[in-house]
4 protein chains.
Amino acid sequence: MARPEAWRLSAEAYPHREIIQTRFQDLDVLGHINNVGMAAILESGRVKFNQATGLDAWRDRRWLVAQVIINYLGEGHFPADVVVASGIGQIGTRSWTILSTAFQHDVPIATCDTVVVMSSEGGLTALPDEYRAALEGWRVPAG
Amino acid sequence: MARPEAWRLSAEAYPHREIIQTRFQDLDVLGHINNVGMAAILESGRVKFNQATGLDAWRDRRWLVAQVIINYLGEGHFPADVVVASGIGQIGTRSWTILSTAFQHDVPIATCDTVVVMSSEGGLTALPDEYRAALEGWRVPAG
Amino acid sequence: MARPEAWRLSAEAYPHREIIQTRFQDLDVLGHINNVGMAAILESGRVKFNQATGLDAWRDRRWLVAQVIINYLGEGHFPADVVVASGIGQIGTRSWTILSTAFQHDVPIATCDTVVVMSSEGGLTALPDEYRAALEGWRVPAG
Amino acid sequence: MARPEAWRLSAEAYPHREIIQTRFQDLDVLGHINNVGMAAILESGRVKFNQATGLDAWRDRRWLVAQVIINYLGEGHFPADVVVASGIGQIGTRSWTILSTAFQHDVPIATCDTVVVMSSEGGLTALPDEYRAALEGWRVPAG
């Protein structure tokens, strides 16, 4: 388990931030946000990042989430909101990575790296130049 | 299936309103908010109502949700927020009812009636006068 | 809050039973199955009832869940399975009711009454005779 | 995104298997099991593995999930059950890894690597020899 890079512990280091509410149902028996609840919060932050930046061309092309890595850094609570800061990390031929950190009360509680691949009816497909340029516009500084 | 009373179709008729976010995971195969997702949204609205009004004396006494009735009035969507308007309806000897309506884009999409009972270690217990008075302060006009 | 009818406290009184697993994420801060988790368990039991009985003609027609009433009778736990017993209650012109009781360790922990309406592109639509007959075949004895 | 090692595509290569049900609420707008739903299924499989093997000493000590890596290999569906096969991978001084693969209709649809750390009131704590020996008994062959 690698420690997150230092820049990821600051919301301002990311090009985009979304406020995501916690829900009572996210809590586990210890009164903390459950791992799966945190995954749902990070997913909502990621989807809203994609929508806000116009990167969600899901009606024209199909995206597949290929990998999700979540590092749990601290305990999450209800009812305080979570800030999910996101940006684009590595960009490959047919895939890219969305990097996020979740903060509560300004404390980082989880990082999330999501690998997304683009597919068409014939299978995985290379990223169009136009789309690649859009992704570049939302790169994290240190990505 | 009774139609909701007319006053419940207006958020302003309730003494309290909470904005609750939808989540991507709430969606079902038709692209609408799933019934269970709506139940989770209404629960969060109800819990935040209890916290905001100070009616959540759950550390001192124990509450039990005894009944939940949800009427689905229309389709809910993501990512628009939902407004959950809530107030106190009927107040009994040992129980009370929290009435809520969920709105999206100002359109009522669900009502929820939740019967809560108060219990202590010895079983169900009568509402203390002080607590009853607090509940009265948050009654819906037509409750 | 009405007490459930006595026959609903017996799984054998229903024409169909499904075993539904609990999940760790269903638990709340008290270590019991959360209300929303119970709603999800009951939904899965209902959907599997519809599939097992062939009542799920959802590809040809569209169903809408119009109302869900859940009575919480006792505490649910993890990891024990839940038995969701289901049958058809009242059958109307355009709607019908699915009645269920959830049991854990043979103890009834929740009842659920779900009103379903049938719709077509033109709005709510009367139940076809053939479908009504199929529903009749799965009536609860005391429905 | 690394491809999973070949041995992880076979349920029989793991020392333990749990059957985990899918739920209707797991489905997303494309009719597949949502990423978060899959995380919940894998969590239930992992928790039941820990319970079945006696590795869940959570009442005596406290576990923290530090990292979850999920690789999505294929689409999951409802209502078919999922087999979650699990075993112990790397064992460190204060942490260990639970390796799992989820199968549906014998097809691998996701792998999950979970890093767990043991903590006591004073912070992270070394694994007791006895517990380490128990973990060794559930190692995956190629872990």
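At 22% relative accessibility, is Asp113(C) buried, exposed or partly exposed? Asp113(C) counts as partly exposed. The cut-offs are under 20% relative accessible area for buried, over 50% for exposed and in between for partly exposed (1.4 Å probe, protein chains only).

The model is predicted: local features need pLDDT of at least 70, side-chain atom pairs count only at pLDDT 80 or more, and totals for chains, interfaces and linings use all residues. Residues are numbered from 1 along each chain as its sequence is written, chains are lettered from A and ligands numbered from 1 in the order in which they are written, and side-chain values use heavy atoms, with hydrogens and water left out.

**View 1. Asp113(C) pairs with Arg8(C) in a salt bridge.** The N to O distance is 2.7 Å. A salt bridge here is a side-chain nitrogen of Lys or Arg within 4 Å of a carboxyl oxygen of Asp or Glu. The pair links distant parts of the chain, 105 residues apart. Asp113(C) sits in strand β5 (residues 107–120) of chain C, and Arg8(C) in the segment before β1 (16–20). Helices (H or I, at least four residues) and strands (E, at least two) are DSSP runs, numbered from the N terminus. Arg8(C) counts as buried, at 6% relative accessibility.

**View 2. Asp113(B) and Arg8(B) form a salt bridge in chain B.** Their closest N and O atoms are 2.7 Å apart. Asp113(B) belongs to strand β5 (residues 107–120) of chain B and Arg8(B) to the segment before β1 (16–20), so the bridge ties together parts 105 residues apart in sequence. Arg8(B) is buried, with a relative accessible area of 6%.

**View 3. In chain D, Arg139(D) forms a salt bridge with Glu136(D).** The closest N and O atoms are 3.3 Å apart. Arg139(D) is partly exposed at 28% relative accessibility. Glu136(D) is also partly exposed, with a relative accessible area of 41%. Over all chains, the count comes to twelve salt bridges.

**View 4. Chain C can be laid on chain B by a turn of 180 degrees.** The RMSD is 0.0 Å, and the shift along the axis is 0.0 Å. The two copies are thus related as by a two-fold rotation axis. In chain C, the C-alpha nearest the axis belongs to Ile69(C), 2.2 Å from it. The same surface serves both copies: 100% of the contact residues of chain C recur in chain B. Superposition is by least squares on the C-alpha atoms of residues with pLDDT of at least 70 in both copies. Contact means heavy atoms within 4.5 Å.

**View 5. Chain D and chain C bury about 1600 Å² between them.** Carbon and sulfur atoms give 44% of that area. Buried area is the accessible area (1.4 Å probe) that two parts lose on being put together, summed over both. In chain D, Gln21(D), Arg23(D) and Lys48(D) lose the most area to chain C, together 42% of what that side buries. The contact takes 19 residues from each of chain D and chain C.

**View 6. Arg23(C) meets Asp26(D) in a salt bridge.** The N to O distance is 2.7 Å. Two salt bridges are found across the interface of chain D and chain C. β1 (16–20) and α1 (35–53) of chain D each supply at least two residues of the side that touches chain C. The largest share of that side, eight residues, comes from α1(D).
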